[in-house]
Protein chains: 2
Amino acid sequence: MIFYDCTTAPSPRRARMFIAEKGLDIETRQVDLGKGEQLSQEFLAVNPLATVPVLVTDNGVTLTENIAIATYLEAVHPEPALMGSTAEERAQVMMWNTIVDQQCALPVADVLRNSHPKMAGRALPGPDDFEQIPELAARGKARVKIFHDRLEQQLQDRQYLAINQFSLADISAFVITGFATQVGMPIPPVHSASLEWQARIADRPSAAV
Amino acid sequence: MIFYDCTTAPSPRRARMFIAEKGLDIETRQVDLGKGEQLSQEFLAVNPLATVPVLVTDNGVTLTENIAIATYLEAVHPEPALMGSTAEERAQVMMWNTIVDQQCALPVADVLRNSHPKMAGRALPGPDDFEQIPELAARGKARVKIFHDRLEQQLQDRQYLAINQFSLADISAFVITGFATQVGMPIPPVHSASLEWQARIADRPSAAV
C-alpha cells in the first residue's frame with residue numbers, strides 16, 4: 001500500500017490518525033500542498049481530483065476519500081473496530097461522520113478558502129479554479145458556531161461522539177475542530193463537555209500524528 | 001422500523017430506491033417539505049436537524065443521513081449486496097458515493113437553494129435560516145458541468161459507476177443527476193456513456209419509486 005499525505009493539512013490527518021489507531025505502518029509519500037504539488041502531473045496521474053489523502057492498495061486500487069480509506073482499512077484490519085460493531089453502531093458512526101463532514105468540515109473550509117489571501121482563485125480543492133465568495137466565509141463562521149452547539153449537546157451524557165466507544169466519528173470531529181481552533185474558531189470556553197471530550201481524545205497516542 | 005420520507009424531494013428518494021432494491025416493506029410517514037412540515041414540533045422531536053430521510057430502527061435508534069440508513073439496512077439485510085462485497089469494492093462504493101455527494105448533490109443544492117425565489121432565506125436545509133448567495137448558485141452550475149464530465153469519463157468502459165455491479169453509488173448518482181435534469185441541468189446530449197447508464201438504471205423497478 002502507498003499512502004499519499006500532507007502533514008500540514010487537516011483532511012489527510014484524519015486518515016493518519018485512523019492508521020495510527022489501527023497500529024499500521026504504511027509506506028507514505030508527502031504531497032506538499034503549500035507548494036501546489038497536488039497539481040503536479042506526477043500527482044494528478046495518481047489522483048486527478050488533486051486531493052489528499054489517497055491510499056493505493058496492494059492490488060493497485062486508488063482510494064481518494066477519507067471514508068473510503070477508512071472503510072478499506074476497517075475491512076482488512078478489523079481490530080480495533082473504529083466504525084462500530086453492530087448494525088446500529090456502524091450506522092451511527094457513519095451518521096456522525098457525515099454530520100461532521102457536512103456541518104463542520106465543509107463550513108470550516110468555506111471560511112478559510114473564501115477569506116485567506118493565499119486561497120484567492122482557489123476557493124475549492126481540486127484541479128478547477130474558483131474565485132472566493134466572501135459571503136460564504138461569513139456563512140461558514142455562523143455554521144461552525146451552530147456545529148459547536150450541536151457537538152456540546154450531543155456530548156452532554158457521552159464520552160464519545162457517535163457510540164459508547166472511540167470511533168472514526170471522534171477522529172473526524174477532533175481533527176476538524178482542532179483545525180478550526182488553529183484558524184480562529186475554537187470550541188467556546190463554556191462548552192465544557194466538548195472541551196473534556198477534546199482533552200480525552202488529545203490524550204490518545206494517535207492524536208500526536 | 002419507521003421511514004420518514006418526502007415523495008417530492010431527491011434526498012429521501014435515494015433511501016426509497018435503496019429500500020426498493022432490498023425488497024423491503026417499511027412503515028413510511030410522509031413529511032411534506034413543501035408545507036414546511038420538517039420544521040414542525042412533531043418532526044423536530046424525531047430529527048432536530050429537520051431533514052429527511054430518517055429511519056428509526058426497531059430499537060428506537062434514529063438515523064438521519066442517507067449513508068447511515070444504507071449502512072444499517074445493508075448490515076441487517078445483506079442481500080442483494082448494494083455496497084460492495086470485497087474490502088476494495090466496499091471502499092470504491094463509499095468513494096464514489098462521497099464524490100457524488102460532494103461534487104454533484106451539493107452543487108445542485110447550491111444552485112436551487114441560492115436561486116429559487118421559494119428558497120429565499122432558506123438557502124440551507126435544517127432548522128437555521130440562511131440568506132441566499134447568488135454567486136453560489138452560479139458556482140454550483142459550473143461544478144455540475146464538471147461533475148457531468150467526470151461521470152462521463154468514469155463510465156467510458158463501465159456499466160456501473162463504482163464497481164462491476166449496481167450499487168449505492170449508482171442510486172445516488174442516478175437520483176441526483178435526474179433531479180438536476182428536472183431543474184435545468186441535464187446530462188449533456190454528447191455524453192453517450194452517461195445517458196446509456198442513466199437509461200440502464202431507469203429500467204430497474206426501483207427507479208419508479
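What follows is a short chat about domains, a helix, a sheet and a chain interface.

Guide: One thing before you ask: this is a predicted model.

Visitor: Okay. Which domains is chain A divided into?
Guide: Domain 1 covers 2-76 and domain 2 covers 87-208 of chain A. Their C-alpha centres lie 20 Å apart.

Visitor: How many residues of the two domains are in contact?
Guide: On the domain 1 side of chain A there are 15, in contact with 13 residues of domain 2.

Visitor: Which elements give two or more residues to that domain 1 side?
Guide: In chain A, these are helix H1 (10-22) and helix H3 (66-76). H1(A) gives the largest share, 7 residues.

Visitor: And what classes of residue are on that side?
Guide: The domain 1 side of chain A that touches domain 2 has 11 nonpolar, 1 polar and 3 charged residues.

Visitor: Back to H1(A). Is this helix largely enclosed or largely open?
Guide: Enclosed. Of the 13 residues of H1(A), 11 are buried, so the rest of the structure largely encloses this helix. Among the buried ones are Pro10(A), Arg13(A), Phe18(A) and Glu21(A).

Visitor: What covers them?
Guide: The cover over the buried residues of H1(A) includes strand E1 (2-5), H3 and helix H6 (168-182) of chain A.

Visitor: What span should H1(A) have?
Guide: At 1.5 Å a residue, its 13 residues should span 18 Å. The end C-alpha atoms of H1(A) are 19 Å apart, which agrees.

Visitor: What follows the helix?
Guide: Gly23(A) follows H1(A), and the phi of Gly23(A) is positive, near 70°.

Visitor: New topic: chain B. What order do the strands of its sheet have?
Guide: The order is E2-E1-E3-E4 in chain B, an open sheet of 4 strands with mixed pairing. Strand E2 (27-30) and strand E4 (62-63) of chain B are the edge strands, each pairing on one side only.

Visitor: How do E1(B) and E2(B) run?
Guide: They run parallel, joined by 4 bridges. In one of these pairings, Phe3(B) has Thr28(B) in E2(B) as its bridge partner.

Visitor: Last one. How many residues of chain A are in contact with chain B?
Guide: 28 residues of chain A, in contact with 28 residues of chain B. H3, helix H4 (87-113) and helix H5 (134-154) of chain A each give two or more residues to the chain A side. H4(A) has the largest share, 9 residues. By class, the chain A side has 16 nonpolar, 6 polar and 6 charged residues.

Conventions. Residues numbered from 1 in each chain as written. Chains lettered and ligands numbered in written order. Predicted model: local features only at pLDDT ≥ 70, side-chain atom pairs only at ≥ 80, totals over all residues. Domains from an automatic or database assignment. Contact = placed C-beta atoms within 7 Å. Nonpolar A, V, L, I, M, F, W, Y, C, P; charged D, E, K, R; others polar. Expected span 1.5 Å × (residues − 1). Buried ≥ 20, exposed ≤ 12 C-beta atoms within 10 Å, placed from the backbone. Pairing = 2+ DSSP bridges.
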